[in-house]
Amino acid sequence: MNAAGPWVAKFIRDDLKMESPYGIRLIQGSHIIVPKLYEGDHAHILQNEDQRIVFTIPYLNHFTLIGTTDREYTGDPAKVAITDGETDYLLKVVNAHFKKQISRDDIQHSYSGVRPLCNDESDNPSAVTRDYTLALSGGGEEAPLLSVFGGKLTTYRKLAESAMAQLMPYFTQMRPSWTATATLPGGEDMTTPQALSAQIRDKFDFVPTEIARRWATTYGSRTWRMLEGVESLNDMGEHLGGGLYTREVDYLCSEEWATTAHDILWRRSKLGLFTTPAEQEKLAAYLGKVEQNRKIEAA
């Protein structure tokens, strides 16, 4: 059992005075990003000898994204990072399938995540269920407690609907589910990112095509909010590198709660792949000024 399992069980047992019906296992998955391996927009599914599959996916027009791995994780989820073993594994799988061979020197970036999966007692981390399990506790005069074990980003809306269905008996005025057909933020009033990119270029012909394409795929129709009042490239503010202007930074801080350079460069974008260390430091300095001004205004 990993570190998360006892912590969750301890919280439910000691703080909630209940028995946990399920446990949680932390499963690490890592990816590497390398220069483009092949032309085209198609992805590949590589069948490995251990019966796992590894994907290669065209990434940001210039790279190929390779992943993922499965290994038990027992450390602090905030400190997860790719291991040498995972790196070797991904390189080996790719080199077994492509004529173009890659090595550690080709890796531009790597990132890792931890999946909190419901413990189904499987001996193989790859076989642990990716589905979610819901457990509803409480009865009589007690307030209901709904615990969610497992789940993943790609099914979060379905999970939310299932969670609300469990709670519906306690909230008689609850409306029917609606998110299955609701447009995601940024998907309003647009058809495709390609069409939106062309519209941005038509209205703002000073915006480089590459930047318009990135905005369209990143912010969707909410790009229009970011560009309100903009009449020239000068209105975008200072260029910080990699096609990132201070106006976009301000938008990310006000609308998407970005707070650090790492947050902007790696979480909300992958512009870290297109900026130098000096440019990344310039972004950090700008954010420092923004925070300082915020504190002055709040004082």
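In this predicted model, helix H5 holds six residues listed as buried: Ile-211, Ala-212, Arg-214, Trp-215, Ala-216 and Tyr-219. These buried residues pack against helix H4 (193–203), H6, E10 and H7. Directly after H5, Gly-220 has a positive phi of about 60 degrees.

Of these neighbours, H7 is taken up next. Two packed helices are described by the angle between their axes and the distance between the axes. For H5 (residues 209–219) and H7 (residues 246–255), the angle is about 5 degrees and the axes lie 14 Å apart. Because angles under 35 degrees count as roughly parallel, H5 is roughly parallel to H7. On the H5 side the contact is made by Arg-214, Trp-215 and Tyr-219, and on the H7 side by Glu-248, Tyr-251 and Leu-252. Sorted by class, the residues of this contact are four nonpolar, no polar and two charged. Arg-214, Trp-215 and Tyr-219 also stand among the buried residues of H5, while Glu-248, Tyr-251 and Leu-252 are buried in H7.

Arg-214 and Glu-248 also form a salt bridge through their side chains, with an N to O distance of 2.8 Å. This pair links distant parts of the chain, with Arg-214 in helix H5 and Glu-248 in helix H7, 34 residues apart. Both partners, Arg-214 and Glu-248, are buried.

Just past the end of H7, Trp-257 adopts a positive phi of about 60 degrees.

The packing of H7 on H9 has another geometry. Here the axes of H7 and H9 (residues 277–298) come within 11 Å and cross at roughly 55 degrees. An angle of that size makes H7 oblique to H9. The crossing of the two helices, H7 and H9, is right-handed. H7 contributes Thr-246, Val-249, Asp-250 and Cys-253 to the contact, and H9 contributes Leu-283, Tyr-286, Leu-287 and Val-290. The contact of H7 with H9 comprises six nonpolar residues, one polar and one charged.

How many salt bridges does a search of the whole structure find? The search returns 15 salt bridges, and the Arg-214 and Glu-248 pair described above is a salt bridge between two buried residues.

Another joins the side chains of Asp-70 and Arg-52, with 2.8 Å from N to O. This pair too links distant parts of the chain: Asp-70 lies in the loop between strand E4 (63–67) and strand E5 (71–72), and Arg-52 in the loop between strand E2 (44–47) and strand E3 (53–59), 18 residues apart. Are Asp-70 and Arg-52 buried or exposed? Both are buried.

A further salt bridge is formed by the side chains of Lys-36 and Glu-39, at 3.7 Å from N to O. Lys-36 has a relative accessible area of 30% and is therefore partly exposed. Glu-39, with a relative accessible area of 62%, is exposed.

Definitions and conventions. Residues numbered from 1 in each chain as written. Predicted model: local features only at pLDDT ≥ 70, side-chain atom pairs only at ≥ 80, totals over all residues. Heavy atoms only, no water. Axes fitted to C-alpha atoms, helices over the stretch in contact; angles between N-to-C directions. Helix = DSSP H or I, 4+ residues; strand = E, 2+ residues; numbered from the N terminus. Parallel < 35°, antiparallel > 145°, perpendicular 65-115°, else oblique. Contact = heavy atoms within 4.5 Å. Nonpolar A, V, L, I, M, F, W, Y, C, P; charged D, E, K, R; others polar. Left-handed = near helix turned anticlockwise from the far one by under 90°. Salt bridge = Lys/Arg side-chain N within 4 Å of Asp/Glu carboxyl O. Buried < 20%, exposed > 50% of the residue type's maximum accessible area, 1.4 Å probe, protein only.
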